[in-house]
Amino acid sequence: MGKNLRRKLIVFWILAAILLVAAVLRFYNIEEESLWLDECFTLDYASKPVNELIETLKKDVHPIGYYLPQHILLDYFGTGEISLRILSAFFGVLSVYLTFLLGRKLFSWKEGLLAAFFMAISYTSILYSQEAKMYSMFVAFFLLSLYSF
């Protein structure tokens, strides 16, 4: 096996472990805390029919791009804490991967893995990934926009 292929496999498995840790930390006890006021607004918005949701968000500061997928999730999985917060947890794990990509692009695979590890265990990142708000989505799209340019 060539050195380059071996290094790529090692990086792949380390990144997979980091993403697994990120997912476990974000999904562990995701339903433990009861909904707080802002999450109740998310539930209220996402529970509206799509046309009413669009009309409501035209007059609001909240991004429609978070509430439409949330609406679909609530239709299929109900209105519990897990189904309400799972979208944020997904974007939180995606942010860890995007952090790796950005670190690798700007520096090298070593810095990308280190940055992804720090994002995976970041208390703030975990906290925002367990809230039914758009904060982790913003982080993911911000990282994606940085990586794209």
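Among contacts in the protein between residues at least 6 apart in sequence, what percentage join residues at least 24 apart? In this predicted model, the share is 72%. The protein has 149 residues, of which 37% are buried. Its secondary structure consists of eight helices and zero strands, so that the order of elements from the N terminus reads α-α-α-α-α-α-α-α. The C-alpha trace spans about 55 × 35 × 25 Å along its principal axes.

The largest nonpolar core contains 30 residues, and those that touch the most other members are Ile18, Tyr66, Tyr67, Val96, Phe100 and Leu113. At least two residues of this core come from each of helix 1 (3-27), helix 2 (37-47), helix 3 (50-58), helix 4 (64-77), helix 5 (81-106), helix 6 (109-121) and helix 8 (135-148). The greatest contribution is that of helix 5, with eight residues. For Val96, contacts beyond the neighbours within four places in sequence are made with Ile18, Leu19, Ala22, Arg26, Ala116, Met119 and Ala120.

Helix 8 was examined separately. Buried positions in helix 8 are Ser136, Met137, Ala140 and Leu143. Viewed down the helix axis, these buried residues fall within an arc of 130° and therefore line one face of helix 8. The partners against which they pack are helix 4, helix 5, helix 6 and helix 7 (123-129).

Eight aromatic pairs are present in the structure. One of them joins Tyr45 and Tyr67 in an edge-to-face arrangement, with 5.4 Å centre to centre and 75° between the planes. Because Tyr45 belongs to helix 2 and Tyr67 to helix 4, this pair ties together parts that are 22 residues apart in sequence. Another pair, Phe91 with Phe141, is tilted, at 5.8 Å centre to centre and 55° between the planes. Here Phe91 lies in helix 5 and Phe141 in helix 8, so the parts tied together are 50 residues apart in sequence. Phe91 is buried, with a relative accessible area of 10%, whereas Phe141 counts as partly exposed at 46% relative accessibility.

Tyr45 and Tyr67 also belong, with Tyr66, to one aromatic cluster. A further arrangement involving an aromatic ring is that of Lys105, which lies over the face of Tyr147 at 4.9 Å from the ring centre.

Leu73 is a residue of helix 4 and is buried, with a relative accessible area of 18%. Apart from neighbours within four places in sequence, Leu73 is in contact with Gly78, Ser83, Ile86 and Leu87. The C-alpha atoms of Leu73 and Ile126 are separated by 21 Å, and the two residues are 53 apart along the chain.

Methods
Residues numbered from 1 in each chain as written. Predicted model: local features only at pLDDT ≥ 70, side-chain atom pairs only at ≥ 80, totals over all residues. Heavy atoms only, no water. Core = buried A, V, L, I, M, F, W, Y, C linked by side-chain atoms within 4.5 Å. Buried < 20%, exposed > 50% of the residue type's maximum accessible area, 1.4 Å probe, protein only. Helix = DSSP H or I, 4+ residues; strand = E, 2+ residues; numbered from the N terminus. Contact = heavy atoms within 4.5 Å. Arc of directions from axis to C-beta. Phe/Tyr/Trp six-rings, centres within 6.5 Å; stacked < 30°, edge-to-face > 60°. Lys NZ or Arg CZ within 6 Å of the ring centre and 35° of its normal.
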